[in-house]
Structure formats: C-alpha cells, structure tokens
Amino acid sequence: MWLFARDPVRDFPFELSPEPPEGSPPGPWALHRGRKKATGSPVSIFVYDVKPGAEELTQVAKAAFKRLKTLRHPNILAYIDGLETDKCLHIVTEAVTPLGMYLKARAEAGGLKELELSWGLHQIVKALSFLVNDCSLIHNNVCMAAVFVDRAGEWKLGGLDYMYSAQGNGGGPPSKGIPELEQYDPPELADSSGRAVREKWSADMWRLGCLIWEVFNGPLPRAAALRNPGKIPKSLVPHYCELVGANPKVRPNPARFLQNCRAPGGFMNNRFVETNLFLEEIQIKEPAEKQKFFQELSKSLDSFPEDFCRHKVLPQLLTAFEFGNAGAVVLTPLFKVGKFLSAEEYQQKIIPVVVKMFSSTDRAMRIRLLQQMEQFIQYLDEPTVNTQIFPHVVHGFLDTNPAIREQTVKSMLLLAPKLNEANLNVELMKHFARLQAKDDQGPIRCNTTVCLGKIGSYLSASTRHRVLTSAFSRATKDPFAPSRVAGVLGFAATHNLYSMNDCAHKILPVLCGLTVDPEKSVRDQAFKAIRSFLSKLESVSEDPTQLAEVEKDVHAASSPGVGGAAASWAGWAVTGVSSLTSKLIRAHPTAAPAEASVPQRPTSEGLPAPAPTPVPATPTSSGHWETQEEDKDTAEDSSAADRWDDEDWGSLEEAESVLAQQDDWSSGGQTSRAGQTSNPDHKSSELDWSSWEAEGSWEQGWQESSSPEPPPEGTRLASEYNWGGPEPSDKGDPFAALSARRDANTQPRPDSWGDDNWEGLEMESRQAKAELARKKREERRREMEAKRAEKKAAKGPMKLGTRKLD
C-alpha cells in the first residue's frame, strides 16, 4: 500500500491569481492577488520563497509572519490566514494595493484630494501611536513601501519585517541590508558614539516625515531633499518640520502629533476626518447623536470619495437601519450612496432594505420613500412590486394626513407600469374613485384626475371604457376649478382611447357644458378640446376609411407610451413633493388635518349652471369592449394626432387667480368670492402640462362658497343613462354614480366599495342611515337621563358590606 504525502500548498483554501505580482517592494515579500476558493472573494497574498544561503532573510520573514498574525488594529494590515512550509511562506490579508501604485493610479485619474490624504496620514499616525504607546514596539520601516490601501481607500500599515521591542527585549534593531530602506533612517543612527538623546519614537517619527514628503512630492531622492517642503500644504508644514528636525528629542509623540494636526485650522481638522472618526465609534454613540449625524451626512457625501461612500458609509447606513433603529433619517444618504452602485449591487444591498421599509408604520419613513421612489423604482421587479410593495403603499390612500394621500397618488405614476391586472384595473381604480369623489382636499382630487390621465394607457380596454369617460366627466363637475381643468386635459391626453361614438355622444356633451363655466381658464381649455374633437370627427366624416386607423388604440389590451399629450404632463409626479405637501409635513408631521369644508363651484351671474344631457350612443355588440391581445402599431395618424401632441394645454394659474389665499390648510381660511369671473383681458398662458407643478401652484388653500345649488328638476344622474352598451348594465359606475355637488357642511362619510361592484350610495339610503343613527342617539340619551334620575332619587348613605333594599 502506497502512502502519498499531501501537498499543503494544494490544500490551502486560497489560490494565487495567474496575473504577475502587483508589486515587489523592498524586502523579502512579493505581493500577489488571490481569492478564496470557496467564495471567490478577493484577497492579497504575500509570498516569500525560502532560498538556500538566505537564513537571515528567512528569519526576518518569519518574524514578520508572527508579528502580523498577532497584531490586531483597524489601521494595521488585517491578517486572514497563513501557510508556512520548508519551501515558502504565505500570508493572506485583506485585498489591498501598495500606496505607491494607488497614488499613481489616482494621479492619472485627476489626483487625490487633500481630504483623502489627511485621513490616510491620520490612519498611519494612529497605527504608529498604537505600536509605540500601547505595545512598546518600534516599527523601524515606515516608508511608502510599508503602506497599503484597501478598496474603501483606507490606509493600512504593513511592512513589519524589521520591528523590534522598545524595551530592549530580544536585542536591538535588526539589520536591513537594503539601501532603498536605509535612506529613511534618521541621522542620529549614523552617530556611533551613542551620545544623542532621543525618545523611543524619534526614529519612526523621522520616517513618518519622509513618508509625508513622498506622498506630496513623489519618491525621495536623498535625505537633503527633506529641507524643502515642496507641495506639502501650508497647514501641515510646521508639524512636518518638527518631524524632520535634527534634534531627535523635540520630535513629537505620534499621539501629540495627531492632536496638533486636529487643532482648529489644522491639516486634519475637516469634515471628512470627523465623519470617519464618528463612523469608527458609531456603535457607542447616543441615538440623538446618530440622528444628527445622518441628517448632516447627505450634505457632505458629494465631496467624499466614491469608494469611501460605497465600502464604508453604505455598510454603516445599512447596519444603522437594521439594528440601530435609525428610521427615515438614513433614507436620503442611503439613496445618495446608491447612485454609486452597479445594478447588481443595488439589487443585493439596497432593494431588500427598501422592501422592508415599505412595511414600516412610521409616517416619516413612508412619505420619504414615496418622495424618493424615482431613485429606485427601476431596480424593482414586477413580482416584488405587486406582492411586497403595493399592498403597503395602498394604505396611504386612506391615511388621515393629506400629505401622505397626495404623495401616494403621485407614486402611482411610477408603480402603474409594474402592476398586474388585479392591482391596476381593480384595486387601484377603487381607491382612485373614492379619492376623486370623496376627498376633502381639492388638490388631491385634482392630482387623482391627473394621475388617471397619465396611467390611462396602461389600463385594460374594458377598464378604460368603463372608467375614463365617467372619471373625467365627474372631474368637470368638481367645485375645485383646477380639477375641472384636469378633467378637460384628461380627455385630451387620452383622446386616442375613445371611439368616435364616445367622442360624439359622451365627451362632447360634457365639454360643451363647460363653455359656460364661471372660470375663464376652464372655458378656454374646454373650447380647445371641443375644437380638437370636432376636427377629429370631421376628418373621419370626410374620409370614413380613417376610422380603423383612428380607433386602433381603443381596443388594444394596453398601450403604454401612447398619447403624446399624456407624456408632457408627467413632471409633477416625479419632481418631488409639492409645496402643499411640504407645508403639511412642516406644520403637521403626524397629526390628522383639520376638517375642511367641501367647496362648492361658484356660478357667475348671467351664466346658467351647466347640465349637459348626453345622447345615448348606438348600441354595440357584446364583445365590442373586450380586451384585445394584438400588437399595437406605434405610428400615429398625423392628420388627427399631431395637433394633440403639439397642443399646449395651458396652465392652472388663471384658475388660481380667483381663488382665496390662506397660509395653512389646517386653519380656517376665508372663502372665495362667489360669482367672481376672470378678467376678460387677461391673456391665456400657453404652457405645457408640466406647469401644473409650477412654484406655488399648491400653496393656496382653495375655499369656495359653500352654498349648494340643487340640480334642475328632472335632472338624471350619469349612472342612469345607457352609455352605449347592448343593455342597461347592472354594474354601477364608480365615478358617475356620485352626486355632482356635495353639501359643504356635510363631512365626507366612509362608503363601502365592493370588490366587483362600484355602486355609489343613493341619497335615500344616506338619509335613512342618518335618520337611524339619530334615533339611536336619542334613545341612548333617554336611557342615560333615566339612569341619572334613578341615582339622584336614591337617599341615605351606603354602608360597606350592606345591600340597599328597595
């Protein structure tokens, strides 16, 4: 039986890279790149090959192996594993690059900033302070070749080959025998008399001065060059001169040198060094200190090195959120650092944290996530959005804080392309129906209409036919003037999604009613839309063969990207929180808003209230509105679509000019002047739809006169008409079934929306429920009064342990 000896190098869990060594610094070691066989993680491997006749050099290498294995400090090269055989020595450390190579590479890319150099030198001096003051060890080899840089830009002290004890144990300093290293020795070592008085750190501090000179000026040609500071910063020159002084007695201790450089105005007194020092001690900081640090961190990240942000700041941010209860304060710096990551790194490090954050009940966390969704939405896949994010986001539609509701509506523009059929066409439409009809904040109702127009192309054909027309028609009857403008612009933005019958029988009658609207901005937009729809109908009438081309998007399953007009008004939902939301956050970060009266649309004197009666459309076949799964041709009909895509649909500024102004939504504001009309000489603004997010557009609190105006006798609700189906539909319309006007003194009541039935509450049902509640309250009041009277009638004191007898 044969026994084979195992090869320790082959069994070593690390392997060398086939690439040549990264560098050959003066000394016995050669530096190689390597990786761990099990995980593939990168490492650095220092290799020394034992050669015959080099016993002294082998002893130096073995001493360095032992020192590096036993010394542990954040600023000293981190030992991972090692291998010692008769033929070689292997030392495995964290992945690093020699400082000389690092400075050369960064110089080619534009050079290092003084911030980075100040922190790097701070780390080396701190390592020397640890060795001298805590371990009583003399490094004896401080130079450019003994310093290494990790992937985060942190400087590490290595080169422990010639280290010796400051207490004299084990003899004096070992002999180097390498001229490249001996040029860094201080001049007092050449004095053989030994009369020079020096401290134990004097020699290492002289070598530190040589290192500082090389960092700023390049390789040191000779010791005499140290007299000229060269490119060393002025704030560092006085302290540098102390290091390279001829008298070794006056060279400062490493700890004292750090203290001098950290003084006000010193070279190491800057935001970058302070940030690093805080991160090193973040585990022992108080929660209030952490909160303040993360709040101020975002301002400084732009000036910090990219590698530092990725490999040092990011892990601390993730740890602070996971274990430190840092909360929403880490979001801003987290997403700022995320810009430096690749798509794969973002998926691995940021997305799991974001998904977990969406389940938080912290309002500040939720609203900041919604505000900054644009920064990470592209990294979210559809299953994650539908199963882990959307179920939590929809809770914002029901939040009592209007800032949360508003930002939730805006976020749907980003989430809609990733939502599945059920979430988009059923769940989201139910919430939009409730917000558009029941929300007491005019801007939120307006934004709901805007968002519906933006995402209309993503809806299924059946949902578009059932929802869009009635939703925009409902918006044109809103008492809030900008909402009426939004309804008109919604029709225009989704013009290609309606059949010619719908345009003639449903849309034009609604738009015609707005031509006598009290607000001139509404009338202007209505006239524009009417002219465009009429032009479209006329072109088809002149050439009936264009009908198929004009209606090609009507039956498409979904048409993302269609409607050039819709794309032009996407600005408000992706540029951050509006001024209204900002004010609400500042004033009431968590409290529910004060109840606001529902404004009623004013009617100008001499202008009748619009009450259009649409003509029922011609019945169509039962399968006419079914979803079609055919591919959509992306080319638009130039005769009908060009004018829509290039049309400028104006702004809401004119509508706002007649609205009352107030400082805060939560305070009782003044009501707007009923019957006031716009200045006829005022020129209509020709801005694109993105002007809806113009500065200050939401800062006004719109409160209009609250006198309800009953509809004319015989007026029928929109849900009572047959809008073109083969027979009256049993399925109610979520938008048109609601009353066109609401009582200003009546607070919104929670209504019940079924999963499949969107019927609104009829007036009789509401009155019956109100009457029933009133009766219950009256009955309860009588019971309480009877009990109080019975207690007053009882006479005589009660005694403990006795029972009152009737």
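**Sheet and covering helices**

Contact here means heavy atoms within 4.5 Å; helices (H or I, at least four residues) and strands (E, at least two) are DSSP runs numbered from the N terminus. Axes are lines fitted to C-alpha atoms, for helices over the stretch in contact, and angles run from 0 to 180 degrees between N-to-C directions.

The model is predicted: local features need pLDDT of at least 70 and side-chain atom pairs pLDDT 80 or more, while totals for chains, interfaces and linings use all residues. Residues are numbered from 1 along each chain as its sequence is written, and side-chain values use heavy atoms, without hydrogens and water.

I then checked helix α4 (residues 114–134), which lies across β8 and β9 at about 25° to β9.

I read the strand order as β6-β8-β9, an open sheet of three strands with antiparallel pairing (pairing takes at least two DSSP bridges between two strands). β6 (96–98) and β9 (155–157) are at the edges with a single partner strand each, so one side of each has no neighbour in the sheet. The twist averages 40° from one strand to the next.

I found three bridges between β6 and β8 (residues 147–150); T97 has V149 in β8 as its bridge partner.

**Contacts of L428**

I listed what L428 touches: F390, F397, M412, L419, N423 and I455, leaving out residues up to four places away in sequence.
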